[in-house]
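Here is a short briefing for a reader who is new to this structure. Please look over the sequence and the model before going on to the points listed under them.

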Protein chains: 4
Amino acid sequence: MSQVAYLPVGKREQTKVQNRQAILDAAREVFGELGYEACTVRDIIRRTGLAAGTFYNYYRSKEEVYVALSDEGARRFTPLLKAQRAQSADWESFVRAAIEAYFGFLADEHKSWLARRPPDEPHPHVHGETPEMAAVFNEVREAIVEEIARGGTPGADPDYLAAACIAIAREVGEKMVARRPIDIKGAADFVVALIQGGVKGLPKTGV
Amino acid sequence: MSQVAYLPVGKREQTKVQNRQAILDAAREVFGELGYEACTVRDIIRRTGLAAGTFYNYYRSKEEVYVALSDEGARRFTPLLKAQRAQSADWESFVRAAIEAYFGFLADEHKSWLARRPPDEPHPHVHGETPEMAAVFNEVREAIVEEIARGGTPGADPDYLAAACIAIAREVGEKMVARRPIDIKGAADFVVALIQGGVKGLPKTGV
Amino acid sequence: MSQVAYLPVGKREQTKVQNRQAILDAAREVFGELGYEACTVRDIIRRTGLAAGTFYNYYRSKEEVYVALSDEGARRFTPLLKAQRAQSADWESFVRAAIEAYFGFLADEHKSWLARRPPDEPHPHVHGETPEMAAVFNEVREAIVEEIARGGTPGADPDYLAAACIAIAREVGEKMVARRPIDIKGAADFVVALIQGGVKGLPKTGV
Amino acid sequence: MSQVAYLPVGKREQTKVQNRQAILDAAREVFGELGYEACTVRDIIRRTGLAAGTFYNYYRSKEEVYVALSDEGARRFTPLLKAQRAQSADWESFVRAAIEAYFGFLADEHKSWLARRPPDEPHPHVHGETPEMAAVFNEVREAIVEEIARGGTPGADPDYLAAACIAIAREVGEKMVARRPIDIKGAADFVVALIQGGVKGLPKTGV
DNA sequence: AATGAATGAGTTTTCATTCAT
DNA sequence: AATGAATGAAAACTCATTCAT
């Protein structure tokens with residue numbers, strides 16, 4: 001009655017939103033623990049406590065959940081990244097800002113991640129391949145390519161460089177969240193230094 | 001150990017060896033095309049032309065094939081790497097040699113599957129991870145960590161650095177094999193320069 | 001009996017009647033399009049725009065809807081048929097009247113669904129059987145059996161003859177509604193001539 | 001060894017053929033008892049005593065079984081029908097031969113048919129709608145249309161007539177097999193007389 | 001009464017593995 | 001050993017029905 005209903009806020013709508021999120025959260029965990037391919041829809045729904053059929057009220061398949069997870073990740077990280085690009089005066093400060101933003105995001109996210117994976121399993125080195133990280137990577141990659149194109153690092157092969165920067169951030173980030181305490185600053189220092197030094201050493205022959 | 005393959009090579013034995021290899025080859029292809037988790041034993045055996053039951057005369061499961069493939073990869077690559085490390089006078093030449101060896105292996109390996117993949121299938125799919133590549137990676141990583149530990153790059157965090165080097169090689173390698181023509185020299189130049197420059201820029205505060 | 005529909009017609013009641021009818025109409029369509037067995041309660045209710053749960057305020061199951069639809073058909077057709085039998089002086093005029101009544105009903109009924117059916121779907125599917133058609137058939141059959149029993153066609157096996165007449169009417173009727181324009185007169189002429197001629201040719205040995 | 005193997009006759013092949021036929025037989029029964037739409041793959045496979053998965057070694061779906069059943073029916077009846085058409089001098093003897101062939105087939109087939117259907121079910125009058133009968137009907141229809149086209153019954157609407165003849169045969173046939181003893185001759189006499197007389201009475205205005 | 005999400009039993013389908021041949 | 005059909009446990013998915021709002 002006195003609801004200032006910008007959004008539907010009935011109990012039903014609330015439950016719906018909660019369930020949708022619960023499935024997403026469960027999927028995030030299960031993808032992390034078992035890997036996208038290995039896990040089943042049942043694994044996901046079991047963790048939510050919802051009934052099997054309820055999954056299909058929200059998503060049509062495991063893949064659709066994956067996409068939704070990507071979207072969510074992108075939706076959360078992209079604004080951060082965009083802000084950094086706007087603020088950063090030069091390439092170096094952008095790199096640092098981006099890396100720190102990403103590491104912050106990672107530290108925030110990693111809760112259930114990569115930790116409890118059964119170590120005896122011959123998992124094909126699926127490092128941090130999470131849907132959300134995929135989305136984030138795309139953002140970062142685009143930013144880097146653009147930066148390069150703008151002349152920041154003259155002559156360097158933009159595709160190779162973007163791939164390399166992302167790879168470094170990903171792998172060092174994974175190491176970072178595995179350590180205690182999680183040291184964002186230290187890891188970022190390392191990565192930024194490596195990238196900056198590396199870019200300087202690059203052959204000046206573009207693509 | 002001193003087995004120099006003076007193994008029985010009667011007709012029976014030959015077939016056995018051939019079948020074992022055929023399964024391995026088929027698995028390599030299928031892992032590449034569908035991914036380890038997504039593919040089935042039937043996918044593998046179908047490609048060999050053998051009967052379903054025959055698979056189990058050679059391997060107990062898909063996982064066992066994975067391990068066998070990893071072993072094969074390691075067996076092929078380790079000697080190369082060891083030789084490089086023995087020959088290389090300094091860190092730089094070792095890095096170059098290792099990278100080139102790895103890229104050569106990659107280019108060799110990827111003749112087949114990168115092309116074949118149906119491009120209209122954007123399924124979430126762990127990118128081209130073959131057990132053999134994983135094995136090679138592990139070898140390289142071990143070598144780098146060892147090199148670093150031995151003082152090659154004073155003060156740098158060895159774990160981070162190894163992770164970063166591996167990551168760079170992997171990602172740039174993947175880009176490399178996606179281009180035509182495959183330019184091992186160019187890619188290796190890029191990676192080596194990036195790593196060398198990066199190492200120089202590193203903070204001197206080890207773990 | 002003497003219910004001349006002096007029923008409550010308040011707003012509430014009207015909606016109830018409307019909904020009940022809407023479900024019936026939707027079911028008629030869906031039964032025609034998908035077949036009784038193949039269609040689901042959701043298929044029916046979806047077409048009404050009502051909520052899933054509302055279905056159960058009116059009918060307890062798909063089967064109950066089927067029965068209701070049959071009743072409706074019978075209720076509509078029986079009076080017509082009775083009137084024809086009362087008016088018709090002889091067997092021939094009764095047959096003609098009954099056939100024309102049935103064909104009229106058919107043409108009326110099939111406005112909707114025969115057209116809509118996707119023609120690329122050759123699924124094994126019981127041909128256009130609507131509960132209302134079934135009800136009409138039962139009425140006609142009963143009338144014919146009665147007529148035969150009364151001596152209209154001396155000696156003919158009444159059961160066989162009723163079955164045959166019904167069958168002819170049904171199949172030719174189906175053909176008729178599939179043609180454009182729908183020619184009730186022509187089809188009725190054909191059927192009546194066939195039946196009249198056929199009856200004349202029948203062996204005079206009843207059951 | 002001394003197998004004069006025109007066909008594979010190993011125990012395996014034999015079992016395969018038997019299983020395939022067992023599934024077909026089970027499906028025939030189940031289609032008859034529950035109707036095509038209502039019955040499930042499980043209903044079919046349960047009756048064979050085979051495992052659930054085994055069904056899919058032979059057929060991909062219920063529909064495929066349906067088609068196979070149709071094929072089987074057509075394969076058995078068509079030669080009979082063709083022979084009759086070749087032998088029959090005129091339209092009348094062809095009709096009689098065809099009807100008798102069909103009724104013979106029906107009497108042969110009906111074993112499990114139409115009998116045990118639960119009578120309380122509001123089955124949409126799926127009279128003899130068996131896949132095999134569908135196949136047979138198609139054959140008959142084709143023969144009749146051809147006969148008509150050839151001038152046998154000048155001017156009659158071939159489509160209507162074919163539909164009517166088939167309908168008569170179907171319905172009377174159904175009645176016939178429901179009686180004891182099954183009197184093929186009597187039923188055929190009735191049908192032939194009806195058709196012959198009916199054709200004579202037909203208006204001479206063709207399509 | 002209407003709503004529509006949740007439920008969970010039931011169905012289809014897949015696939016690793018076994019085992020008779 | 002090789003074969004390949006049978007198995008059946010488990011996964012994906014559907015849908016009639018309930019019930020809190």
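Residues 40–59 of chain A are 75% helix and 0% strand, with their end C-alpha atoms 13 Å apart. Helices (H or I, at least four residues) and strands (E, at least two) are DSSP runs, numbered from the N terminus. UniProt, in an unreviewed entry, gives this span of chain A, residues 40–59, the feature "DNA-binding region".

This is a predicted model, in which local features need pLDDT of at least 70 and side-chain atom pairs count only at pLDDT 80 or more, while totals for chains, interfaces and linings use all residues. Residues are numbered from 1 along each chain as its sequence is written, and chains are lettered from A and ligands numbered from 1 in the order in which they are written.

**Annotated domain**

- An unreviewed UniProt entry places "domain: HTH tetR-type" at residues 17–77 of chain A.
- UniProt positions are given in the numbering used here, feature names are shortened, and annotations may be inferred rather than shown by experiment.
- Residues 17–77 of chain A are 80% helix and 0% strand, and 21 Å separates the end C-alpha atoms.

**Surfaces near the DNA**

- A residue counts as near a strand if its C-beta atom, placed from the backbone, lies within 6 Å of it.
- DNA strand E is surrounded by 37 residues, and the closest are A:Gly53, B:Thr40, C:Ala51, C:Gly53 and D:Thr40.
- Among the elements giving two or more residues to the surface near DNA strand E are α1 and α3 of chain A and α1 and α2 (41–48) of chain D.
- The surface near DNA strand E has 12 nonpolar, 17 polar and eight charged residues; Ala, Val, Leu, Ile, Met, Phe, Trp, Tyr, Cys and Pro count as nonpolar, Asp, Glu, Lys and Arg as charged, and the others, Gly among them, as polar.
- Around DNA strand F there are 38 residues, of which A:Gly53, B:Ala51, B:Gly53, C:Thr40 and D:Gly53 come nearest.
- The surface near DNA strand F has 12 nonpolar, 17 polar and nine charged residues.

**Chains C and D**

- Chain D gives 37 residues to the contact and chain C gives 38, where contact means C-beta atoms, placed from the backbone, within 7 Å.
- On chain D, α4 (62–87), α7 (158–178) and α8 (184–201) each supply at least two residues of the side that touches chain C.
- The side of chain D that touches chain C has 21 nonpolar, six polar and 10 charged residues.
- The copies meet through the same surface, because 95% of the interface residues of chain D are also interface residues in chain C.

**Cis peptide bonds**

- Most peptide bonds are trans.
- A cis peptide bond joins C:Arg180 and C:Pro181, with omega about -5°.
- C:Pro181 is in the loop between α8 (158–178) and α9 (184–201) of chain C.
- The bond from D:Arg180 to D:Pro181 is also cis, with omega near -5°.
- D:Pro181 lies in the loop between α7 and α8 of chain D.

Note on methods: Contact = placed C-beta atoms within 7 Å.
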